[in-house]
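Thanks for coming, everyone. I'd like to walk you through one structure today. Please have a look at it first.

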Amino acid sequence: MKTRILGIEGTAWNLSAAVVDEDDVISEVTETYQPDTGGIHPREASQHHAKYASTVIQKLLENIKSKGIDPKTLDAVAFSQGPGLGPCLRTVATAARMLSLTLDIPIIGVNHCIAHIEVGKWKTPAKDPVVLYVSGANSQVLAYRKGKYRVFGETLDVGIGNALDKFARSAGLNHPGGPRIEKHAENFKKYVPLPYVVKGMDFSFSGLTTAARDALEYEAMEDVCYSFQETAFAMMVEVTERALAHTGKNEVLLAGGVGANMRLRDMLDIMSNDRGASFYVPEKRFMGDNGAMIAYLGLLMYRSGSITGLKDSHVDPNFRPDSVEVTWI
Ligand code: ATP
Ligand code: FE2
């Protein structure tokens, strides 16, 4: 008998719910919040999630029923417990608690960063990789060691996605800025020196973002976009390489929405090849925030006996991946 878990994601702009089993995604329904201008407003995003939570879940339950699955036979409901925007997390947790009560199934709170890693391992041949997780709010280099996913290096200020989006705004580009910067960078003519900040195993993007904004006054947009990418990505690739050397692992996995960037993929691929390591990127639908990754980590936790329970289902906007006891490896 297969295990079937329903998972709900909603740490930021994406509200997404899915049912998975060991083999695949059975169904996924997503409703994306699109801010009119600028970045995400936490309260507006949470209002969006509250508005659509019941439709998204109802649609998902209809979908699985049409595939012959009775919602009452689901084994558990998993949700993103953090890290993320407080108001959004609370909305999603409330929906998950309701489902747990109405379907009378256990509730499992999962760490959003680890869900990105596990879905990547599920959907690529990677078994024990060094992971570069790059999204709007997060930028971390992680790898499994002795019962935990350790953070080997991370941003000291903003996530790379937020840095790209912020720079894009100052350059007059629409949100989300990442893909637009990538497009402009393709037409570069020269590299403009920008601050490269790696401290120990950590990196920082705020000085780079300010310097890039200033550089726009006297350098071409294409050149600044290109140089921003080259500098920021090289910092993260350097730390990923050092984590590979340190851990002795021979796989690299890219996760998170910024992983859509082809230049970042190229740089990681070249570095991995140079070290004799394999480089893996999951299909795009599993890179940005998605319900399937939450359901899948819920499945791993369920099968290894990690049930959260209602009384411990409070959210944690700063939930660290290295605080989680990994029971499933
Ligand atoms: P998290 O909650 O994990 O921080 P998130 O809400 O930021 O996730 P993601 O889908 O993981 O969502 O990432 C969104 C970010 O990815 C945005 O900052 C966007 O600019 C960036 N991005 C998307 N495509 C590209 C690209 N091709 N190149 C660079 N950045 C990209
Ligand atoms: Fe994410």
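Let me start with a term. A donor here is an N, O or S atom within 2.8 Å of the metal. Water is not among the atoms, so a site may look incomplete. Keep in mind, too, that this is a predicted model.

Now the metal. Which residues coordinate the iron ion, ligand 2? They are His112 and His116, each through NE2, Tyr133 through OH, and Asp289 through OD. The distances run from 2.1 to 2.8 Å. Along the chain, the donors of this iron ion are spaced H-x3-H-x16-Y-x155-D. Take His116 and Tyr133 as a pair. His116 is in helix 3, Tyr133 is in strand 6 (residues 130–134), and the two are 17 residues apart. Are they buried or exposed? His116 is buried, at 1% relative accessible area. Tyr133 is buried as well, at 0%.

Tyr133 takes us to ligand 1. This ligand is surrounded by 25 residues. Among the closest are Tyr133, Trp13 and Asp165. Gly136 is another of the closest, and a polar backbone atom of Gly136 is 2.7 Å from an oxygen atom of the ligand. Two side chains come in as well. Thr11 has a polar side-chain atom 3.5 Å from an oxygen atom of ligand 1. For Asn138, that distance is 3.3 Å. How much of ligand 1 does the protein bury? Alone, the ligand exposes 650 Å², and the protein buries 90% of that. Helix 3, helix 4 and helix 5 (177–185) each give two or more residues to the shell. Helix 5 gives the most, with 4 residues.

On to the rings. There are 5 aromatic pairs in the structure. One of them is Trp122 with Tyr296, stacked at 4.1 Å centre to centre, with 5° between the planes. Why does this pair matter for the layout? Trp122 belongs to helix 3 (residues 112–123) and Tyr296 to helix 9 (residues 291–303), so the pair ties together parts 174 residues apart in sequence. Trp122 is buried, with a relative accessible area of 16%. Tyr296 is buried at 10%.

Next, Phe167 and Phe228. Their ring centres are 5.1 Å apart and their planes are at 20°, so this pair is stacked. Phe167 sits in helix 4 (residues 160–170) and Phe228 in helix 7 (residues 221–247), so parts 61 residues apart in sequence are tied together. Phe167 is buried, at 0%. Phe228 is buried, also at 0%.

One last contact. The charged end of Lys123 sits over the Trp122 ring, 4.2 Å from its centre.

Conventions:
Residues numbered from 1 in each chain as written. Chains lettered and ligands numbered in written order. Predicted model: local features only at pLDDT ≥ 70, side-chain atom pairs only at ≥ 80, totals over all residues. Heavy atoms only, no water. Phe/Tyr/Trp six-rings, centres within 6.5 Å; stacked < 30°, edge-to-face > 60°. Buried < 20%, exposed > 50% of the residue type's maximum accessible area, 1.4 Å probe, protein only. Lys NZ or Arg CZ within 6 Å of the ring centre and 35° of its normal. Donors = N, O, S within 2.8 Å, 3.2 Å for Na, K, Ca; no water. Near = heavy atom within 4 Å. Polar contact = N/O pair within 3.5 Å; in protein donor to acceptor, adjacent residues only side chain to side chain. Areas by Shrake-Rupley, 256 points an atom, 1.4 Å probe, with all protein chains shown as cover.
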